[in-house]
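This briefing concerns the side-chain contacts of a single structure.

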Amino acid sequence: MRWLNQTAALTFIALRTIPQRLGTSLVIVIGIAGVVGVLVSVLAMSEGFRHTLASTGRHDRVIMLRAGSDAEMSSGVDRDQATVLAALPGVARDASGRPQASAELVVMVDLPRRGESHPNNVPFRGVQKAAFAIRDEARLMEGRRFEPGVREVVVGRKAAAQFAGLTVGSRIGFRDSDWTVVGIFESGGDVHEFEIWADAEVAMSAFRRIGY
């Protein structure tokens, strides 16, 4: 029991000397609490970001990228390659026999946040008609879909809430061209709600791209 008596004595001495070292003790406690608070915040943000990205995935949805690419923006697919990929036997088809595939273009555009003037990056996605069937969670809240061949866009709910000029009927300018916002969509809170969507062919022309 000697070790127990020593432990009790040391604990008693430590408690009795707290008033003499109150300042130092508070600094240590507050410092540790601050570190724990920052760590919890970072982990929460990381988990929220991971959940937002992962929520766009499904067991029957596939993204095809160029060999060696680990993200859409670093990938590149030629037009003839896109046609071949869409015709693969594993690709689902609609009632009319058309493949459920959307060759897309993903770039960043600069728009200011509401109440600010300096630009921020906003994902701009050029999609084909099948994109709305593939991502059937994307539902219009306001307005309509963009017309093919026209410089019209639909914007995600969160992008419309955060960035200036993304209300239905407004016009936004980038790449030496003006685009009309014709609709706002929501997709269950996933990452697509931060994006702007337009017709893929029009987007490729505006951004001077020859491939998806």
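Glu 195 lies in the loop between E6 and strand E7 (196–199). The model is a predicted one. With a relative accessible area of 5%, Glu 195 falls under the 20% limit and therefore counts as buried.

**Glu 195 and Arg 125**

- The side chains of Arg 125 and Glu 195 form a salt bridge, with an N to O distance of 2.9 Å.
- This pair links distant parts of the chain, since Arg 125 belongs to strand E2 and Glu 195 to the loop between E6 and E7, 70 residues apart.
- Arg 125 is buried, as is Glu 195.
- The side chains of Glu 195 and Arg 125 are also joined by a polar contact of 2.9 Å.
- Both residues take part in a network of salt bridges that links Glu 72, Glu 104, Arg 125, Arg 135 and Glu 195.

**Other salt bridges**

- The structure contains 10 salt bridges.
- In one of them, the side chains of Glu 201 and Arg 79 meet at 3.0 Å, N to O.
- That pair links distant parts of the chain: Glu 201 is in helix H6 and Arg 79 is in helix H3 (residues 79–86), 122 residues apart.
- Glu 201 has a relative accessible area of 35% and is therefore partly exposed, and Arg 79, at 38%, likewise counts as partly exposed.
- A salt bridge of 2.9 Å, N to O, also joins the side chains of Arg 144 and Glu 152.
- Arg 144 is partly exposed, with a relative accessible area of 35%, whereas Glu 152 is buried, with a relative accessible area of 11%.

**Aromatic pairs around Phe 124**

- A search of the whole structure finds five aromatic pairs.
- In the pair of Phe 124 and Trp 179, the ring centres are 5.3 Å apart and the planes stand at 70 degrees; because an angle over 60 degrees counts as edge-to-face, the pair is classed in that way.
- Phe 124 in strand E2 (residues 119–127) and Trp 179 in strand E6 (residues 177–186) are 55 residues apart, and their pair links distant parts of the chain.
- Phe 124 and Trp 179 are buried, and the relative accessibility of Phe 124 is 0%.
- Phe 124 also pairs with Phe 207: the ring centres are 5.5 Å apart and the planes are at 45 degrees, so this pair is tilted.
- Phe 207 lies in the segment after helix H6 (200–206) and Phe 124 in strand E2, so the pair ties together parts that are 83 residues apart in sequence.
- Phe 207 is buried, with a relative accessible area of 5%.

**Other ring contacts**

- Arg 151 lies over the face of Trp 179, at 5.9 Å from the ring centre.
- Phe 132, Phe 146, Phe 185 and Trp 197 are linked into a cluster by ring pairs.

**Nonpolar surface patch**

- Ile 28, Ile 32, Val 36 and Val 40 make up a nonpolar patch on the surface.
- Together, these four residues have about 360 Å² of accessible area.
- Val 40, one of the patch residues, is found in helix H2 (residues 22–54).

Methods: Residues numbered from 1 in each chain as written. Predicted model: local features only at pLDDT ≥ 70, side-chain atom pairs only at ≥ 80, totals over all residues. Heavy atoms only, no water. Patch = residues over 30% accessible without salt bridge, like charges linked within 9 Å, V, L, I, M, F, W, Y side chains within 5 Å. Areas by Shrake-Rupley, 256 points an atom, 1.4 Å probe, with all protein chains shown as cover. Helix = DSSP H or I, 4+ residues; strand = E, 2+ residues; numbered from the N terminus. Phe/Tyr/Trp six-rings, centres within 6.5 Å; stacked < 30°, edge-to-face > 60°. Buried < 20%, exposed > 50% of the residue type's maximum accessible area, 1.4 Å probe, protein only. Lys NZ or Arg CZ within 6 Å of the ring centre and 35° of its normal. Polar contact = N/O pair within 3.5 Å; in protein donor to acceptor, adjacent residues only side chain to side chain.
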